[in-house]
Amino acid sequence: MMNIPDEWKMDDAQWNALIHKVAELYNNLTIMRGFQYYKQKRVGPLFFSNRQTKHHDTSAIYDHTRSLTESDSYEAGTITAEVQGTEAYTVVLYMEALSTSRCTCPVNTPCKHMAAVLMSYAEQQGRPVPALVNAHATTSLKQVAKPVTMASSGRAYRFGGASDGEPTGKDHDASDGRQYSEIKEQASELAGMSIPEWHELFRDSLRRLGTGTATTAYIQEASDELYAIKPKLSTAMDQLFELQVLLYLMRYCIPPARNSITNTPVYLSYPAQLAVDTLQKSLEALLLQPLDCAGLQGMALEQFQARLGETAGYLRKEMMPETANMMFFTPVYSKLWLNWIVPQLQGKSDLLQTELGALNSIEEDAAKQAKERMLNGQRAVSKVTLPLPLVLAQGWMHYHLKQDTAAWQKLVHGSTAYGIPPEHLLQFLHILVDAAEWTRLVEWLVQLGPMLTNRRSTPLQDYMQLWNIAIQHVPESEHRMWDTLVSMLPHSRPAYEDAMHSRAQWRRWIDFQLSTGTEPLEFRVAVLQPIEKEAPELLLPFYHQAVERYIGHKNRDGYKAAVKLLKRLSKIYKKLKHDEQWEHFITTIAVRNSRLRALQEELRKGKLIP
């Protein structure tokens with residue numbers, strides 16, 4: 001369980017009550033969309049107020065026209081978090097009366113942002129998120145694979161797309177007119193068959209399962225069926241078989257990216273999402289294992305290399321329609337090349353060049369289609385927007401070819417067009433760390449930094465950690481980090497300030513605060529203490545400027561703030577042994593503002609003047 005205040009930890013009764021309340025307040029579609037946001041890590045840190053019941057302003061429920069103030073964030077009995085949607089929305093969950101929770105989004109009912117925060121809360125409690133997501137269910141999630149003849153709670157599937165009149169029985173004697181023994185016999189020639197033929201064989205084998213919904217249980221049963229026909233293969237071909245089974249089943253679970261009729265985004269059902277999560281974990285674990293090609297030679301080696309190339313082609317085709325929010329095959333494509341294909345090339349670039357050529361052909365086709373649309377009288381576009389997976393794939397090919405400038409150009413194009421999810425950009429940097437290519441890492445940090453600027457700070461924290469690693473190995477590159485962070489302002493401000501503070505760059509830190517008009521009283525004492533200890537003289541202009549600004553407000557709050565800072569200034573002048581300068585300064589302040597009676601009162605209360 002994460003670091004949650006004791007008063008916020010739920011017992012079993014409270015957890016069950018929360019599940020019941022979610023089912024009561026949220027419909028299935030909202031829960032599903034909230035789950036997507038939770039999975040995409042769009043929920044920022046959770047802030048817990050003191051759990052003390054008090055009257056709640058129900059007039060503000062779901063009022064997106066009302067800005068949430070700082071006091072709202074700390075209202076008793078609330079959990080507050082920022083959720084990144086089309087923009088950053090603030091969610092305040094009132095846990096004593098969940099129906100009165102609110103969000104700054106335009107939806108005037110319990111929304112997906114609230115649902116996503118509840119799921120993040122459940123995760124931090126160590127509670128199973130699936131129980132919240134499946135709050136409406138009245139039966140077990142685990143479904144037994146069986147033929148269905150009517151719409152079910154999830155998306156209905158039929159392996160191989162058999163018609164309703166086709167047999168769906170599980171006998172081993174017939175399946176779509178083919179004997180099971182025939183399927184087994186054909187599978188014995190698997191190594192010499194193309195990947196499309198593998199998939200056709202998979203389809204024939206799985207027709208015996210009939211139609212069903214994509215669930216973890218159904219996928220497991222389908223996997224068992226496919227392994228039942230697997231012949232004895234070499235170790236490397238065994239690895240490839242496992243990969244193809246996982247890919248085939250993932251394709252089965254995932255609907256098209258957009259509805260063909262309404263052109264609206266399509267989401268995974270919750271059971272399908274669970275199945276896909278399981279498949280993705282298996283794919284990641286598999287692709288982290290190096291290919292074992294020991295003993296492969298002659299025809300066996302040629303067959304394996306052909307199947308591996310066809311696998312790359314299959315992934316290339318499947319990933320092109322994917323979007324930033326529904327990206328499943330694109331990460332597999334990059335890891336296949338990174339962990340399996342490139343290590344087999346032994347420095348040769350022919351295959352990389354061939355793949356890059358195939359990707360460039362897709363780009364040329366997209367440009368040609370755009371030109372044809374323009375000639376047909378449709379609206380012209382100034383620049384062709386390429387599919388995000390294509391941009392990432394081209395970036396990876398240029399990366400492996402060490403054509404870094406070309407890779408950056410592709411990624412900049414993609415980032416400008418629609419924004420590349422930070423995790424895909426950071427992957428390039430982490431791979432360079434793993435490869436200990438420190439000089440190259442510095443160049444990539446400089447180029448990718450501006451593409452990471454967005455509303456969320458988590459990617460920048462990772463990015464700054466990578467800069468720290470790079471500077472440890474290339475100390476002379478530190479000035480490039482500063483220049484890059486400055487070019488990324490204002491988005492990089494938290495990272496920039498933290499970097500200056502952690503490196504004791506006090507003069508740089510003070511100059512930045514002076515140039516941006518920051519208020520000294522906004523900082524915690526712990527932030528200013530090391531400066532007061534190591535370079536107190538640098539704080540003088542920072543405090544002086546703020547004192548004049550506070551007095552200029554000409555109100556009681558401003559005078560109180562000024563006096564608070566003047567007390568700090570008194571200590572600094574005393575520490576610097578500049579007592580005469582302090583006396584001259586405070587006397588000048590008092591005389592110049594002698595007509596401000598309220599200020600004079602505050603100065604006397606603070607014992608700054610007699």
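Lys 41 is exposed, with a relative accessible area of 66%, where exposed means over 50%, buried under 20% and partly exposed in between, as computed with a 1.4 Å probe on protein chains only. This residue sits in the loop that runs between helix H2 (28-39) and strand E1 (47-48); helices (H or I, at least four residues) and strands (E, at least two) are DSSP runs, numbered from the N terminus. Although Lys 41 is a residue other than glycine, its phi is positive, near 55°. The model is predicted, so local features need pLDDT of at least 70 and side-chain atom pairs count only at pLDDT 80 or more, while totals for chains, interfaces and linings use all residues. Residues are numbered from 1 along each chain as its sequence is written, and side-chain values use heavy atoms, with hydrogens and water left out.

Ala 504, also not a glycine, has a positive phi of about 55°. Its place is the loop between H20 and helix H21 (506-516), and with a relative accessible area of 38% Ala 504 is partly exposed. Most residues other than glycine have a negative phi, and most peptide bonds are trans.

The peptide bond leading from Leu 489 to Pro 490 is cis, with omega near 5°. Pro 490 belongs to the loop between helix H19 (478-487) and helix H20 (493-502).

## Ser 101 and its polar contacts

Ser 101, in the loop between strand E3 (88-94) and strand E4 (102-103), is buried, with a relative accessible area of 0%. Its side chain reaches the backbone nitrogen of Tyr 94 at 2.9 Å, and a polar atom of that side chain lies 2.9 Å from the backbone oxygen of Leu 98. A polar contact here is a pair of N or O atoms within 3.5 Å; within protein, one must be able to donate a hydrogen and the other to accept it, and residues adjacent in sequence count only if both atoms are side-chain atoms.

## The packing of H13 against H14

Helix H13 (residues 350-375) and helix H14 (residues 388-400) pack at about 155° with their axes 10 Å apart, the axes being lines fitted to C-alpha atoms over the stretch in contact and the angles running from 0 to 180 degrees between N-to-C directions. The two helices are therefore roughly antiparallel to each other, a term for angles over 145 degrees.

The contact (heavy atoms within 4.5 Å) includes Leu 352, Leu 356 and Leu 359 of H13 and Leu 390, Ala 393 and Met 397 of H14.

Note on methods:
Angles under 35 degrees count as roughly parallel, over 145 as roughly antiparallel, 65 to 115 as roughly perpendicular and the rest as oblique.
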